[in-house]
Amino acid sequence: MIISELFVLFIFYSFLGWVWETIYCTVQTGHFQNRGFLFGPVCPIYGVSILLVQLLCRYGRGFLNAQAPVWKVFLICAAGSAVVEYSTHWYLEKRFHARWWDYSNIPLNINGRICLPVTLCFGAGGVVIVRYILPVFESAGSQIPKLAWESVSLVLMGLFAADFALTEAALNSLLQRIEGFENEFNARAESAYAVVAGKPAQVGSKVKGLEEEFRKKVYSAAGGLSRRQRHIMRNIRSFRPARVYHYSLHAGQKLKEALLELRRRPKDS
């Protein structure tokens, strides 16, 4: 299979994945959801997954094909989807400190990255793809001239590269601004704690006000992103700096010590 054909199929499958995700989430939420990591209408994780299945069917020497038992196709697709989904989630979380999806509220999940119900759905979808969809694409693809594959792939490659570069630049710029906001927040929170250290009851409200101001700045910085990307950025873990909890716990400890001291004084007198 030529590289140009692989890339065109990757984009096509990514687009189908975006259509499926968008329709499903739109119906579920009741309003339009533009799914995906990039600005364009593609979900690369679907493109990679389906393309791997197609390559396995074509070059797997009978290990996986449309004639294989349903249970075998189901298990391979389910296990493969779990590996791809978990590794993709892990990479994006480490790279951008954000969660593109979260299964924490679904039973039988692993770190919120994958869960058994969704994996089983992907396994069932894999059976449909292997048995009914890929054979049609294989037959149709063999009729397309190589020059057509190469021409279309060059156009799609340019569009995909531009989309990826713009998305990467936008998210990196936003993350840098968030880091600046966080440093400012931490400095102001530390200063506020020093001021009200003698009045522990005021620490919580003071820090809460600073945190709300921090959130507003982050959302303002994310104004140039798409609705889906703004939703992603809301899950960035930097939105609640760890020092906030440190200050709150420290203030609580100070309050506890002050109360114990007040209890001791009458006895001492």
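This is a predicted model: local features need pLDDT of at least 70, side-chain atom pairs count only at pLDDT 80 or more; totals for chains, interfaces and linings use all residues.
Biologist: Let's start with the overall fold. How many helices and strands does the chain have?

Modeller: The secondary structure comes to 8 helices and 2 strands. Following the sequence, the pattern reads α-α-α-β-β-α-α-α-α-α.

Biologist: What share of the residues counts as buried?

Modeller: Of the chain's 269 residues, 38% count as buried. As for the surface, the chain exposes about 15800 Å², and carbon and sulfur atoms supply 65% of that area.

Biologist: And how should I read the contacts? What percentage of those between residues at least 6 apart in sequence join residues at least 24 apart?

Modeller: In this chain, 72% of the contacts between residues at least 6 apart join residues at least 24 apart.

Biologist: Now to charged side chains. How many salt bridges does the structure hold?

Modeller: The general idea is that side chains of opposite charge can pair when their charged atoms come close. Here the structure holds 2 salt bridges. One of them joins Arg 58 to Glu 138, with the closest N and O atoms 2.1 Å apart. Arg 58 belongs to helix H2 (residues 44-59) and Glu 138 to helix H4 (residues 116-141), so this pair ties together parts that are 80 residues apart in sequence.

Biologist: Which residue pairs with Glu 93, and where do the two partners lie?

Modeller: Glu 93 meets Arg 113 in a salt bridge, at 3.1 Å from N to O. Glu 93 sits in helix H3 (residues 70-96), while Arg 113 is in the loop between strand S1 (109-110) and strand S2 (114-115), so the pair ties together parts that are 20 residues apart in sequence. Glu 93 counts as buried, at 7% relative accessibility, and Arg 113 counts as buried too, at 9%.

Biologist: Let's finish on the surface. Which residues form a nonpolar patch there?

Modeller: Take a look at Phe 12, Phe 15 and Leu 16, which form a nonpolar patch with about 240 Å² of accessible area together. Phe 15 counts as partly exposed, because its relative accessibility is 35%.

Notes:
Residues are numbered from 1 along each chain as its sequence is written. Side-chain values use heavy atoms; hydrogens and water are left out. Helices (H or I, at least four residues) and strands (E, at least two) are DSSP runs, numbered from the N terminus. Buried means under 20% relative accessible area, exposed over 50%, partly exposed in between (1.4 Å probe, protein chains only). Contact means heavy atoms within 4.5 Å. Accessible areas come from the Shrake-Rupley method with a 1.4 Å probe; for residues, only the protein chains shown count as cover. A salt bridge is a side-chain nitrogen of Lys or Arg within 4 Å of a carboxyl oxygen of Asp or Glu. Patches are made of residues with over 30% relative accessible area and no salt bridge: like charges are joined within 9 Å, nonpolar side chains (Val, Leu, Ile, Met, Phe, Trp, Tyr) within 5 Å.
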